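Have the sequence and the 3D view open side by side. This report goes from the overall layout to single residues.

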Amino acid sequence: MKIKMSLLDNAYDYLHNSLYHYHLATHEDYPDDYKRFWKFSIVSIVQSAELMFKEVLKRENEFLIYENIDKPKNTVSVSTAIHRLKNIVKVDIDDRDEIVIRRAIELRNLITHFELDLDIIELSTIYTVIFEFLHSFHFRFLGEELHEYIHQEYWEEEGCLIEQFRSEFILYNGINVRKNYPIQIAESQLFPFFKIEGIEHKRVKYGKEPRFTGFNQICPGCAVKQGYYHVFYCDDEICPKCGGQAITCSCEVYKAFYEDDE
Ligand SMILES: [Zn+2]
Ligand SMILES: [Zn+2]
């Protein structure tokens, strides 16, 4: 017996698999040990995103999903899919979303191939942002509400994720911030490293600076709580390499973000 599945059926299966593991990893009734299921929820949501991207490519032209259009055999990698979506199909994926998707892909690759310490706050942030992105991507480019394709048994998780995205990411630490600002805070949590001259240096979280006084619970420069990464370009972030001010020291910590590493 053979099973034939469309790209989209497959995408929804991975999404359900992801929500199932998300449920196991986050539900308070389950033991702490279940936090390990986070890895499957991330791997599957990235897989689901990849399949949705391919479906949009395929609707444009069936050959666009192949790495080599003259030899339609292997399908494209997720990076190539994003590249084609932007450059051929002219799908507008904003830079912010693209950064988050690329970080999730990177994480998926790390999870699949290496031993890894995962930060639950980081995973939760990535997951919420990707889930919300897929919701909007599905509506904009596949023409229907993603909700219509989510099994009823996962509506609670879906509702929580959307709720979390809208609430947590708007009123932030009781401080009045620009509307997209909480997203910048969330986004910054996705980048634990600065790449300086090709070498990754672990960023210093607010409150972990060697000369930290403990005086402020919230960073005066960017409003993150202790234990979180500063928003990019915060005056108060120190450089992980030289200990100077990250925005001004000669290590050029932000330079690598503007270099294409493909
Ligand atoms: Zn800061
Ligand atoms: Zn430096």
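## Overall layout

The protein has 7 helices and 2 strands. Along the sequence they run α-α-α-α-α-α-α-β-β. Helices (H or I, at least four residues) and strands (E, at least two) are DSSP runs, numbered from the N terminus.

This is a predicted model: local features need pLDDT of at least 70, side-chain atom pairs count only at pLDDT 80 or more, and totals for chains, interfaces and linings use all residues. Residues are numbered from 1 along each chain as its sequence is written, while chains are lettered from A and ligands numbered from 1 in the order in which they are written.

## Burial and contacts

How much of the protein is buried? Buried residues make up 28% of the 262 residues. A residue is buried if 20 or more other C-beta atoms lie within 10 Å of its own, exposed if 12 or fewer, and partly exposed in between; C-beta atoms are placed from the backbone.

Two residues are in contact if their C-beta atoms, placed from the backbone, lie within 7 Å. Take the contacts with a separation of 6 or more: 56% of them join residues 24 or more positions apart.

## Helices α1 and α2

Helix α1 covers residues 7-26 and helix α2 covers residues 38-60. They pack at an angle of about 160 degrees, and their axes are 8 Å apart. α1 is therefore roughly antiparallel to α2. Axes are lines fitted to C-alpha atoms, for helices over the stretch in contact, and angles run from 0 to 180 degrees between N-to-C directions. Angles under 35 degrees count as roughly parallel, over 145 as roughly antiparallel, 65 to 115 as roughly perpendicular and the rest as oblique.

The crossing of α1 and α2 is left-handed: the near helix is turned anticlockwise from the far one by less than a right angle, whereas clockwise would be right-handed. On α1, the contact includes L7, L8, Y14 and Y22. On α2, W38, F40, I45 and L51 are among the residues involved. The contact residues divide into 12 nonpolar, 8 polar and 3 charged. Here Ala, Val, Leu, Ile, Met, Phe, Trp, Tyr, Cys and Pro count as nonpolar, Asp, Glu, Lys and Arg as charged, and the others, Gly among them, as polar.

## The hairpin

Strands β1 (residues 193-196) and β2 (residues 199-202) pair in the antiparallel sense over 4 bridges. Pairing requires that DSSP finds at least two bridges between two strands. I196 has I199 of β2 as its bridge partner. β1 and β2 form a hairpin with 2 residues between them.

Most residues other than glycine have a negative phi. E197 sits in the loop between β1 and β2. E197 is exposed because it has 10 other C-beta atoms within 10 Å.

E252 also has a positive phi, near 50 degrees. E252 lies in the segment after β2. With 12 C-beta neighbours inside 10 Å, E252 counts as exposed.

Leaving out residues up to four places away in sequence, L161 touches T128 and F131. L161 and S124 are 37 residues apart in sequence and 9.7 Å apart in space, C-alpha to C-alpha.

D97 is in helix α4 (residues 95-113). With 19 other C-beta atoms within 10 Å, D97 is partly exposed. D97 and E187 lie 90 residues apart along the chain, and their C-alpha atoms are separated by 9.1 Å.
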